[in-house]
Every structure is written in C-alpha cells, then in structure tokens.
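Take a first look at the chain below. The paragraphs after it go from one region to the next.

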Amino acid sequence: MMRSLYTAASGMKTQQMNVDTISNNLANVNTTGFKKERLEFKSLLYETLAKAGTDQQGNGKPVNLQVGHGVKPVGTVRSYTIGTIQKTDNPLDLAITGDGFFTVKDQSGSQVYTKDGSFKIALVDDRQMLITSDGYQVLDINDEPIYFDSNIDIKKISISSEGNFSYVTNDNEVVPMDSKMKMVQFRNVNGLEALGNNLLRATSSSGEAILEEDDEDVVKSQIVQGSLEGSNVQVVEEMVNLIVAQRAYEVSSKAIQASDEMLSQANNLKR
C-alpha cells in the first residue's frame, strides 16, 4: 500500500515540472526567437513478482506480474519549428528562415548562439558596432565584431539573404562591405544549452558549431532584413497541455488520498 503513495507522489512531482515547462512557454509567447519546450517522461523501475514462462512441470504462465514505481522526467526537448515572421521595417532587425543561428560573443569572450535578430548599434572608437540588446558583439564569418563607419547612415545598410552587408550612397550607388554575418548550424540542436536572454551554448551533445559558409551539405539559412522571428509557442496548444497536466496532477493527488484512507482503515482494524 505504501508503494502507491510514492508512485503517486512521483506523478505529482513530474506533472509539477510539466506545468513549469508549459508556464515557461506561455510566459515567452511574445519573446523574439523563443522556441517552445516539451517535457519527456519515462517510467521508473518495475518490480517483478512473477515471470512469464513455463515451469519444470510444464505449467505455463503467459504474463508477468510486475508493479511499476511511477514516473520521472528525463529531458526537455526544444522545438525549432520556425515562428511567425513579423515585419518591423527596422534595418537592424533580422529574422532567420532555416536551421541557422546568429553568433555573438558573450561577456566571457565565448561564442554563443541565438535566433533573436533584434540587433542594435553601439558607438565604439568613433565607429558603429553591431550588438545584441544585451550589448554582446555580433560576429562575422571571421569571428570579428561587425563595424560600420561613423558616416554611414544605418537606415541605408542592406543585408542580403546570405548575410552580406552593403550600403547605398547618396547617389544611389550600392557599395559592398567587407563583412558577412556568421551563420552556424548544429548536428543535434536539442543538445544546445539554454543560457537565458535568448542565448544558447554548444555542448558535447550538440557538437561543434558548423559554419554554413564552409559546409556544402547543409541547407543554407536565409536572412530576412527588417523582420523578426516571433515565438513558435501556440497558446491554444499550450492551454490544452496545461489542462491535461493539471488533471494528471489532480488524479495523482486523489491516488495519495485513497491510499492514505486505505492505510488508515488498515491501522484501525481490531485484532
């Protein structure tokens, strides 16, 4: 009887984590480049009381007698389906269609990755540097920060779908710039570690970043200037998942109550 208490408690604990995951998805429904997550479950250890088979007398037992010990969370899987492309007309707002990530340098000097293309400009040494909203440097294919001369009007900067920069002069002449956005992909995107602030870090599970420029086998991403990729969270879908998780939590608590009542009845039996 005590086994059911622990089993139901594992269900409540796991569903609480499931609700945490769903709540995080709903909280980030308007976060640029956010990718929704899904919690994965696995059953806990089974206790085998009798095995299926045939004994020495030839008597057959067609099924096992086993009791499970509940459930546990084993991982959060992030869905990288593309979110809604929202037009902003800001020349520094970039959306990605494809599997690529922008590369930025964090405060420790490490390269991290993001789908959030809401970039800004910072004045550094009388030049304009492309940065994220948190002030991190956006890198080009040479792993260098992207600078623009101070006399260039940011509104006249053009970024091609491949990530090449150019600008338009007052004479309407298009001048290519010696800079290209660094776009990378990963063999296992679910191995990336979320750091917060829309940033992801490569791990041994994700593998090293693959520079799209150098790998002919990957499908190249396309950059859409003047747009941002919205979250891929579907509110209705998450609400349905939330109701299911709430019901699962509720029935697990009912199982604990029932087990507790049965235990109380057993304790009150007269000898």
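Beyond its neighbours within four places in sequence, Phe-148 is in contact with Ile-121, Arg-127, Gln-128, Leu-130, Ile-154, Ile-157, Phe-165 and Met-177. Keep in mind that this is a predicted model.

The largest nonpolar core has 22 residues. Phe-148 is among those with the most contacts inside this core, along with Phe-102, Leu-130, Phe-165 and Met-181. Which elements give two or more residues to this core? They are β8 (94-97), β9 (101-105) and β15 (157-159).

Now turn to the annotations. UniProt, in an unreviewed entry, places the feature "domain: Flagellar hook protein FlgE/F/G-like D1" at residues 95-166. This span is 46% strand and 0% helix. The C-alpha atoms at its ends lie 18 Å apart.

Leu-139 sits in the loop between β13 (137-138) and β14 (147-149). Is Leu-139 buried or exposed? Leu-139 is buried, because its relative accessible area is 0% and buried means under 20%. Setting aside neighbours within four places in sequence, Leu-139 is in contact with Thr-103, Val-104, Lys-105, Gln-111, Glu-144, Pro-145, Ile-146, Met-181 and Lys-182. Met-181 is also one of the residues with the most contacts inside the largest core. Ser-166 is 27 residues from Leu-139 along the chain, and their C-alpha atoms are separated by 16 Å.

Another loop joins the picture. Asp-125 is found between β11 (120-124) and β12 (127-131). Asp-126 is found in the loop between β11 and β12 as well. Asp-125 is not a glycine, although it has a positive phi of about 50 degrees. Asp-126 is not a glycine either, and its positive phi is about 60 degrees. Asp-125 counts as exposed because its relative accessibility is 72%, and exposed means over 50%. Asp-126 is exposed too, with a relative accessible area of 63%.

Leu-39 lies in strand β1 (residues 37-43). With 5% relative accessibility, Leu-39 counts as buried. What is Leu-39 in contact with, leaving aside its neighbours within four places in sequence? The list is Thr-14, Met-17, Asn-18, Thr-21, Pro-73, Gly-75 and Thr-76. One of these, Thr-21, is 18 residues from Leu-39 along the chain. The C-alpha atoms of the two are separated by 6.9 Å.

The last stop is a third annotated span. UniProt lists "domain: Flagellar basal-body/hook protein C-terminal" (unreviewed entry) for residues 225-269. Here the chain is 73% helix and 9% strand. The end C-alpha atoms of the span are 76 Å apart.

Val-244 lies in helix α2 (residues 235-267). Val-244 is exposed, with a relative accessible area of 54%. Val-244 forms a nonpolar patch on the surface with Val-236 and Val-240. Together these three residues have about 290 Å² of accessible area.

Key
Residues are numbered from 1 along each chain as its sequence is written. This is a predicted model: local features need pLDDT of at least 70, side-chain atom pairs count only at pLDDT 80 or more; totals for chains, interfaces and linings use all residues. Side-chain values use heavy atoms; hydrogens and water are left out. UniProt positions are given in the numbering used here, feature names are shortened, and annotations may be inferred rather than shown by experiment. Helices (H or I, at least four residues) and strands (E, at least two) are DSSP runs, numbered from the N terminus. A nonpolar core is a set of buried Ala, Val, Leu, Ile, Met, Phe, Trp, Tyr and Cys residues joined through side-chain atoms within 4.5 Å. Buried means under 20% relative accessible area, exposed over 50%, partly exposed in between (1.4 Å probe, protein chains only). Contact means heavy atoms within 4.5 Å. Patches are made of residues with over 30% relative accessible area and no salt bridge: like charges are joined within 9 Å, nonpolar side chains (Val, Leu, Ile, Met, Phe, Trp, Tyr) within 5 Å. Accessible areas come from the Shrake-Rupley method with a 1.4 Å probe; for residues, only the protein chains shown count as cover. A salt bridge is a side-chain nitrogen of Lys or Arg within 4 Å of a carboxyl oxygen of Asp or Glu.
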